[in-house]
Amino acid sequence: MRRKLVVGNWKMHGSRPANAELLSALIGARPFAADVAVCVPAVFLTETAATLASTELRWGAQDVSPHEQGAYTGEISAGMLAECGCRYVITGHSERRAFHGESDLLVAQKAKAALARGVTPIVCVGETLAQREAGETEAVVKRQLSAVIHQLAHCASEIVVAYEPVWAIGTGRTATPEQAQAVHAILRAQLQAATGRGEAMKILYGGSVKPDNAATLFAQADIDGGLIGGASLKAADFIAICRAAA
Ligand code: PGA
């Protein structure tokens, strides 16, 4: 049985006072039956680490450089994330693919850089609405995942995958549990074929997960938890979602 994982993706939200309030509510709501983590803006990592250090809650970043170090102004290396105690880093979020032109190859290189420093990449894949309507969902997510599998080779089983249909992110439009499960099953089969360990790997669902739909999504056979955007910023909602992952 795979243990569930719920990860908050704060995106470019938060402030010192708001973070302190949110994290203290989260700390107070423990214990959870699932693993819980928050991926915060990089400037808040040190404080988040200090706040959560004595708990079983984990933290992570939202992006990482594919390079180890060097003249890459503005970038943050996996080694730096590791120094901040990051357990996770999100790679290939659709907002980075769309707004920063990140290619499948770059996402794969970022995932590799993270793993090399012991930070688990949460690799996001997902189709746009146009791709879904054109019947391309399976081809798109498999292509995105296969770039990562190819790059990581024997380490591919160490990643977490997040299926996030682009049309469901921040739109209030959630994939139905059946739609999500169908894609998760495809991804698990691909992971199993490539690594032989697909049955043990976690595949999260992301895209307008809320307290009222979380339990049904998490009840699907191949959905191992969620990557939560908007709802992770509201303590009561995020706590309810964490509790729905039993
Ligand atoms: P959402 O975002 O929950 O606000 O739809 C999910 C994500 O982008 O990770």
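How far is an oxygen atom of the ligand from an N or O atom in the side chain of Lys 11? The separation is 2.7 Å.

This is a predicted model, in which local features need pLDDT of at least 70, side-chain atom pairs count only at pLDDT 80 or more, and totals for chains, interfaces and linings use all residues. Residues are numbered from 1 along each chain as its sequence is written, and side-chain values use heavy atoms, with hydrogens and water left out.

**Ligand site**

The ligand is surrounded by 13 residues, each with a heavy atom within 4 Å of it. Lys 11, His 93, Glu 164, Gly 170 and Ser 208 are the closest. The shell comprises four nonpolar, seven polar and two charged residues.

| Residue | Protein atom | Distance to a ligand oxygen |
|---|---|---|
| Lys 11 | side-chain N or O | 2.7 Å |
| Glu 164 | side-chain N or O | 2.7 Å |
| Ser 208 | polar backbone atom | 2.7 Å |

Taken alone, the ligand exposes 280 Å², of which the protein buries 97%; the areas come from the Shrake-Rupley method with a 1.4 Å probe.

**Backbone features**

Most residues other than glycine have a negative phi, and most peptide bonds are trans. Lys 11, in the loop between strand 1 (5-9) and helix 1, has a positive phi near 50°. Arg 30 and Pro 31 are joined by a cis peptide bond with omega about 0°. Pro 31 belongs to the loop between helix 1 (16-28) and strand 2 (35-39). Helices (H or I, at least four residues) and strands (E, at least two) are DSSP runs, numbered from the N terminus.

**Helix packing**

The axes of helix 7 (residues 137-152) and helix 8 (residues 177-195) come within 10 Å and cross at roughly 35°. These axes are lines fitted to C-alpha atoms over the stretch in contact, with angles running from 0 to 180 degrees between N-to-C directions.

Terms used:
Polar contact = N/O pair within 3.5 Å; in protein donor to acceptor, adjacent residues only side chain to side chain. Nonpolar A, V, L, I, M, F, W, Y, C, P; charged D, E, K, R; others polar.
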